Amino acid sequence: MTDELKINGESAWGKYGLFLADGALATLMAPPATKDPIQSECRTENGTRTAYADGVTEVASREFSLETCMLAKNMATFAANMAALTTTLLSGEVTITTKWQEGMAYRCRYVSSTTFNMYGLNGRIGAKLIIKFEEPNPANRGTD
């Protein structure tokens, strides 16, 4: 778990005790929707004329919810990690990278946390967080 997920270049596990839940990687990797191409219809022609800018389909911004889990050895560590994560999420652009996609950096904006459930686990404190992000430009995923 140590470097599976990085947020703004730092290990999410090392800094926050945060890791991706099952299925979260697939959510992150899902392709973005495309923008509607420029189209026009003419009554004197069959079909529809479709034009793509530079011959390429443009992508739309996307929102996604990333399911994560946070673990800490005690409540004080949990509270400190949660405060640090909140500060990072509210700092502006959040860059997410994973060890499975070298050269891929998701540049996002934090939107909200839709679920926050805390629980005790073998004397540790845990939480499930579903964090909602907006990726304004999915075409800009190259490494910094």
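A salt bridge here is a side-chain nitrogen of Lys or Arg within 4 Å of a carboxyl oxygen of Asp or Glu. Keep that rule handy for the close-ups below. This is a predicted model, where local features need pLDDT of at least 70 and side-chain atom pairs count only at pLDDT 80 or more, while totals for chains, interfaces and linings use all residues. Residues are numbered from 1 along each chain as its sequence is written, and side-chain values use heavy atoms, with hydrogens and water left out.

**View 1. Lys128 and Glu67 meet in a salt bridge.**
The N-to-O distance between these side chains is 3.3 Å. Lys128 sits in strand β9 and Glu67 in strand β6, so the pair ties together parts that are 61 residues apart in sequence. (Strands, E, of at least two residues and helices, H or I, of at least four are DSSP runs, numbered from the N terminus.) Lys128 counts as partly exposed at 29% relative accessibility, and Glu67 counts as partly exposed too, at 28%. For these labels, buried means under 20% relative accessible area, exposed means over 50%, and partly exposed is in between (1.4 Å probe, protein chains only).

**View 2. Lys132 forms a salt bridge with Glu63.**
Here the closest N and O atoms are 3.2 Å apart. Once again distant parts of the chain are linked: Lys132 belongs to strand β9 and Glu63 to strand β6, 69 residues apart. Lys132 is partly exposed, at 25% relative accessibility, and Glu63 is partly exposed at 47%.

**View 3. Glu134 and Arg109 join up in a salt bridge.**
Look for an N-to-O distance of 2.8 Å. Glu134 is in strand β9 and Arg109 in strand β8, 25 residues apart. Is Glu134 buried or exposed? Glu134 is buried, with a relative accessible area of 18%, whereas Arg109 is partly exposed at 40%. Elsewhere, Arg62, Glu135 and Arg141 are linked in a network of salt bridges.

**View 4. Seven strands make an open sheet.**
Read the order as β2-β1-β7-β8-β9-β6-β3, with antiparallel pairing. Two strands pair if DSSP finds at least two bridges between them. The edge strands, β2 (10-11) and β3 (18-20), each pair on one side only. Helix α3 (residues 75-89) packs on the sheet and touches β1, β3, β6 (62-72), β7 (93-98), β8 (106-121) and β9. Contact means heavy atoms within 4.5 Å. The direction of α3 makes about 5° with that of β9; such angles run from 0 to 180 degrees between N-to-C directions, using lines fitted to C-alpha atoms, for helices over the stretch in contact.

**View 5. Ile7 stands opposite Glu10 in β2.**
Strand β1 (residues 5-7) is joined to β2 by two bridges, and these strands run antiparallel. At the other edge, β3, you'll find Phe19. Phe19 is buried, with a relative accessible area of 18%.

**View 6. The largest nonpolar core has 26 residues.**
A nonpolar core is a set of buried Ala, Val, Leu, Ile, Met, Phe, Trp, Tyr and Cys residues joined through side-chain atoms within 4.5 Å. Which members touch the most others? They are Leu18, Leu66, Met70, Leu85, Ile96 and Phe133. Strand β9 (residues 124-135) gives the largest share, five residues. Not counting residues up to four places away in sequence, Leu18 touches Leu5, Ile7, Ala12, Trp13, Thr68, Cys69, Met70, Leu85 and Leu129.
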